[in-house]
Amino acid sequence: MANNYSQATVSPVLPVALVTDFEIVLLNAYGFHFETHVSNGERSYYFYVSDGESDELDHFDLDLIEEYAKQDDELALDLRQYILENGDCDIDQHISFNYSWPSLFQRILNKSGCTIDEIVVEGVFYCDKLRQGEFGGWITRITRFTVQHGGTQAMLIQMQQESAFLEALDTVYQLASANCADNEHDPEDPLLDECLSEGKQRAALDLIHDYYVNHELNR
């Protein structure tokens with residue numbers, strides 16, 4: 001029987017003052033643990049995943065919501081209000097959708113006094129048997145306004161499609177260059193007509209448009 005594993009690191013370390021106890025509880029429910037580091041008298045949390053992260057919660061302890069709501073934690077108060085209005089049957093889905101681990105880290109970045117520009121989570125998955133498709137890595141980059149995610153499988157697809165994409169970029173460049181006021185191309189050049197045939201122009205534009213609209217920054 002083969003065993004699969006997933007681990008991840010979070011950088012940079014986060015000042016203790018920026019992370020609430022309830023945020024730590026939620027991050028822990030997603031698989032994130034922490035160590036406290038001290039440097040130059042400043043205390044920071046180093047977060048990591050030692051045994052698999054999760055994107056969805058399952059049977060989150062409702063008593064913890066009540067406990068931290070009594071301490072006036074803003075996030076816990078919001079969840080308690082949701083339960084009062086809607087019941088608790090879908091609370092796991094509600095938390096997972098509205099307070100996912102990327103959004104929790106993003107919440108920290110947007111706090112007053114935070115001078116960190118981005119949080120990067122780098123992960124790896126592997127198997128204790130050398131089986132195809134069981135090894136790889138991923139990275140999630142979180143800023144105040146965006147969340148980007150990529151993995152080795154996506155990198156492979158990009159490599160496979162890169163030559164076509166570069167050819168499309170070249171076609172669009174030639175098209176734009178031919179229409180520039182300072183261009184040096186002869187508009188009657190038959191070679192230019194061949195390079196910029198209507199069908200090739202459309203295919204190139206469609207490929208670049210698909211890349212643009214499907215990019216994570218536009219989702």
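The model is predicted, so local features need pLDDT of at least 70 and side-chain atom pairs count only at pLDDT 80 or more, while totals for chains, interfaces and linings use all residues. Residues are numbered from 1 along each chain as its sequence is written, and side-chain values use heavy atoms, with hydrogens and water left out.

**Stop 1: Pro12**

Begin by selecting Ser11 and Pro12. The peptide bond from Ser11 to Pro12 is cis, with omega near 0°. Pro12 itself sits in the loop between strand 1 (4–11) and strand 2 (14–15). Helices (H or I, at least four residues) and strands (E, at least two) are DSSP runs, numbered from the N terminus.

**Stop 2: Phe34**

Next, select Phe34, which belongs to strand 3 (residues 33–39). Phe34 counts as partly exposed because its relative accessibility is 33%; buried means under 20% relative accessible area, exposed over 50%, and partly exposed in between (1.4 Å probe, protein chains only). Now display the residues around Phe34. Setting aside neighbours within four places in sequence, Phe34 is in contact with Ile24, Tyr45, Tyr46, Phe47 and Tyr48, where contact means heavy atoms within 4.5 Å. A distance to check in the viewer is that between the C-alpha atoms of Phe34 and Val13: they are separated by 9.7 Å, and the two residues are 21 residues apart along the chain.

**Stop 3: two residues with positive phi**

Select Asn40, in the loop between strand 3 and strand 4 (42–49). Although Asn40 is not a glycine, its phi is positive, at about 55°. Asn40 is classed as exposed because its relative accessibility is 79%.

Then move to His59, in the loop between strand 4 and helix 2. His59 is likewise a residue other than glycine with a positive phi, here near 60°. With a relative accessible area of 69%, His59 is exposed.

**Stop 4: helix 3 and helix 4**

Colour helix 3 (residues 74–86) and helix 4 (residues 91–98), whose axes come within 11 Å and cross at roughly 140°. Helix 3 is therefore oblique to helix 4. Axes are lines fitted to C-alpha atoms, for helices over the stretch in contact, and angles run from 0 to 180 degrees between N-to-C directions. Angles under 35 degrees count as roughly parallel, over 145 as roughly antiparallel, 65 to 115 as roughly perpendicular and the rest as oblique.

To see the contact, show Leu79, Tyr82 and Ile83 of helix 3 together with Ile91, His94 and Ile95 of helix 4. By class, this contact has 5 nonpolar, 1 polar and no charged residues; Ala, Val, Leu, Ile, Met, Phe, Trp, Tyr, Cys and Pro count as nonpolar, Asp, Glu, Lys and Arg as charged, and the others, Gly among them, as polar.

Stay on helix 4, where Ile91, Asp92, His94, Ile95 and Ser96 are buried. The buried residues of helix 4 pack against helix 1 (21–29), helix 2 (62–69) and helix 3.

**Stop 5: helix 5**

Select residues 101–109. This is helix 5, which is mostly covered, with 7 of its 9 residues buried. The buried residues are Trp101, Pro102, Leu104, Phe105, Gln106, Ile108 and Leu109.

**Stop 6: the cysteines**

Finally, select Cys89 and Cys114. Cys89 is exposed, at 72% relative accessible area, whereas Cys114 is buried, at 9% relative accessibility. The whole structure contains 0 disulfides, a disulfide being a pair of cysteine sulfur atoms within 2.5 Å.
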